[in-house]
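Here is a friendly note to read alongside the model, written for someone meeting it for the first time. Keep the view open and follow the points in order.

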Amino acid sequence: MSPPTRARAFCDRFGLRMPILLAPMAGACPPALSAAIANAGGLGGCGAASMTPAAILAWAAELRATSNGAFQINLWAPDPPPIRDPAHEAEVRTFLAGWGPAPPAAAGDFTPPDFSAQCEALIEAAPPVASTIMGLFPPEIAERLKARGVSWWAAATTVAEARAAEAAGAEAIIAQGMEAGGHRGVFEAARAEADLVGLFALVPAIADAVKVPVVAAGGIGDARGIAAALMLGASAVQIGTGFLRCPEAKLDPAWADALADVQPEGTMVTRAFSGRAGRGLATAYVRAAVAPDATSPAPYPVQRGLTQPMRDAANGDVDRMQAWAGQSARLARAEPAGELAQSLWTGAKALLGA
């Protein structure tokens, strides 16, 4: 099957006019951004990892009221409870006090919203697509989603993860290359830095290993990247950082401006913000946090709670923001999201001879 034919088959199956998906970025996916992508013919996305059940339902309702309703909602499969170390957390708090307000000891008690309650909200919201990252839905949730007519897609960072997702019933695999901005979607948190597979190696390997469609994600920011991903076996692409400078993203100007100038080597994979590995701008804080004499981060989600005061007090200082960014961040354009998506797909089709 040729790349254009494969992309058309994917779009026909999932009710899209172009195989371009907005990455469901937690904290950076306002409904307006998803609505613009959906109305242009792609798929919107909601990163709901930190959202309460009520917030998930409200987001879905707003998206449906302002768009054609093509969107996915993404949830994190929960990690095991962290092993706490009060002495180490005190060292982390001392380090962080040099970057913002001194975190209180109780900040480390942060816990994410209850995953089971989020799943209930997801089933009630019944988006066209529900996706997982960091793992898979429990079988009972997967069955209930299927009964509601919701398609389940799973993010994978290795061939083994992709095979496990397909065996569990996922209808598409989102192949997340190491170039991707934001958190690494590895099933085992400890493997995040060891299993750093680039997208050009990952997509064809997963496409050869599974029978379900593959969505390429990570480091795609222009028509060349889209065309290349489709040539390698993907049926669609998922773009996150590439849409962050669009006005609908409502990103902090300091973060948006920094994306325009960063080269691939200006991003790093770090645990310094949440305790989970993610790729972001190599800011002064990030570099200080990985210095040889720096205190190692606390585990997820303890580190996320401890860094909250610093992030809250950033006030336009990108060096203290959780400024996630993929390696192709410089390709992001400050244009209306719908127009940008259409332009990207037009350019990719021209490159593919479609």
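**Notes on the model**

1. Let's begin with a pair of helices: helix 2 and helix 13 cross in a right-handed way. Please keep in mind throughout that this is a predicted model. The axes of helix 2 (residues 31-40) and helix 13 lie 8 Å apart, at an angle of about 40°. That angle makes helix 2 oblique to helix 13.

2. Which residues bring helix 2 and helix 13 together? On the side of helix 2 they are Leu33, Ala36, Ile37 and Ala40, and these meet Ala337, Gly338, Ala341 and Gln342 in helix 13. Sorted by class, this contact holds six nonpolar residues, two polar ones and no charged ones.

3. Helix 2 contributes Pro31, Ser34, Ala35 and Asn39, while helix 3 contributes Trp59, Glu62, Leu63 and Thr66. The contact of helix 2 with helix 3 comprises four nonpolar residues, three polar and one charged.

4. Leaving aside residues up to four places away in sequence, Trp255 touches Leu244, Leu281, Val318, Met321, Gln322, Ala323 and Trp324.

5. Is Met18 buried or exposed? Met18 sits in the loop between helix 1 (3-14) and strand 1 (20-22). Its relative accessibility is 4%, so Met18 counts as buried, the cut-off being under 20%. Apart from residues up to four places away in sequence, Met18 touches Cys11, Ala40, Gly41, Gly42, Ala341, Gln342 and Trp345. From Met18 to Asn39, 21 residues apart along the chain, the C-alpha atoms are separated by 11 Å.

6. Gln72 belongs to strand 3 (residues 71-76), and at 0% relative accessibility Gln72 counts as buried. Among the residues that Gln72 touches, not counting those up to four places away in sequence, are Leu21, Pro24, Cys46, Val129, Ser131, Ile174 and Gln238.

7. What covers the buried residues of helix 9? In helix 9 (residues 223-231), the buried residues are Ala223, Gly225, Ile226, Ala227, Ala229 and Leu230. Their cover includes helix 1, strand 1, helix 8 (199-209), strand 8 (214-217), strand 9 (236-239) and helix 13. After helix 9 comes Gly233, which has a positive phi, near 120°.

8. Helix 12 (residues 302-312) deserves a look too. Eight of its eleven residues are buried, so helix 12 is largely enclosed by the rest of the structure. The buried ones are Val302, Gln303, Gly305, Leu306, Thr307, Pro309, Met310 and Arg311. These buried residues pack against helix 4 (86-96) and helix 11 (284-289).

9. Gly169, in the loop between helix 7 (159-168) and strand 6 (172-176), is partly exposed, with a relative accessible area of 40%. Gly169 and Pro309 are 140 residues apart in sequence, and their C-alpha atoms are 40 Å apart in space.

10. The other glycine is Gly353, placed in the segment after helix 13. With a relative accessible area of 67%, Gly353 is exposed. Between the C-alpha atoms of Gly353 and Pro299, 54 residues apart along the chain, the separation is 48 Å.

Terms used:
Residues are numbered from 1 along each chain as its sequence is written. This is a predicted model: local features need pLDDT of at least 70, side-chain atom pairs count only at pLDDT 80 or more; totals for chains, interfaces and linings use all residues. Side-chain values use heavy atoms; hydrogens and water are left out. Contact means heavy atoms within 4.5 Å. Helices (H or I, at least four residues) and strands (E, at least two) are DSSP runs, numbered from the N terminus. Buried means under 20% relative accessible area, exposed over 50%, partly exposed in between (1.4 Å probe, protein chains only). Axes are lines fitted to C-alpha atoms, for helices over the stretch in contact, and angles run from 0 to 180 degrees between N-to-C directions. Angles under 35 degrees count as roughly parallel, over 145 as roughly antiparallel, 65 to 115 as roughly perpendicular and the rest as oblique. A crossing is left-handed if the near helix is turned anticlockwise from the far one by less than a right angle, and right-handed if clockwise. Ala, Val, Leu, Ile, Met, Phe, Trp, Tyr, Cys and Pro count as nonpolar, Asp, Glu, Lys and Arg as charged, and the others, Gly among them, as polar.
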